[in-house]
Amino acid sequence: MSVTHASADELAQALACAEQAHGRYEEGIGHGDLNWPFWYARFLGGEQTGRLDVGSDDSNR
């Protein structure tokens with residue numbers, strides 16, 4: 001899957017959205033997620049393809 005953004009501003013906005021969603025995810029699992037880069041990558045890719053399947057913390061690897 002290829003993830004692209006038209007500008008730095010668009011990427012920053014996508015990362016801010018991922019940050020908010022990841023905060024809710026961490027609240028749901030009850031602890032911090034050390035694999036957050038993988039979670040963010042899957043979130044950003046899913047956002048562009050319409051498939052937001054970030055799964056559990058085990059599925060981030």
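1. Helices (H or I, at least four residues) and strands (E, at least two) are DSSP runs, numbered from the N terminus. The protein has two helices and zero strands. Histidine 22 sits in helix 1, which covers residues 8-29.

2. This is a predicted model, in which local features need pLDDT of at least 70, side-chain atom pairs count only at pLDDT 80 or more, and totals for chains, interfaces and linings use all residues. Residues are numbered from 1 along each chain as its sequence is written, and side-chain values use heavy atoms, with hydrogens and water left out.

3. Is histidine 22 buried or exposed? Its relative accessibility is 4%, so histidine 22 counts as buried. Buried means under 20% relative accessible area, exposed over 50%, and partly exposed in between (1.4 Å probe, protein chains only). Of the 61 residues of the protein, 25% count as buried.

4. Contact means heavy atoms within 4.5 Å. Not counting residues up to four places away in sequence, histidine 22 touches Asp33, Trp36, Trp39 and Tyr40. With neighbours within four places in sequence left aside, alanine 21 is in contact with Trp39 and Phe43.

5. A nonpolar core is a set of buried Ala, Val, Leu, Ile, Met, Phe, Trp, Tyr and Cys residues joined through side-chain atoms within 4.5 Å. The largest one has nine residues: Ala14, Ala18, Ala21, Tyr25, Trp39, Tyr40, Phe43, Leu44 and Val54. Helix 1 and helix 2 (36-49) are the elements that give two or more residues to this core.

6. Among contacts in the protein with a separation of 6 or more, 48% are between residues 24 or more positions apart.
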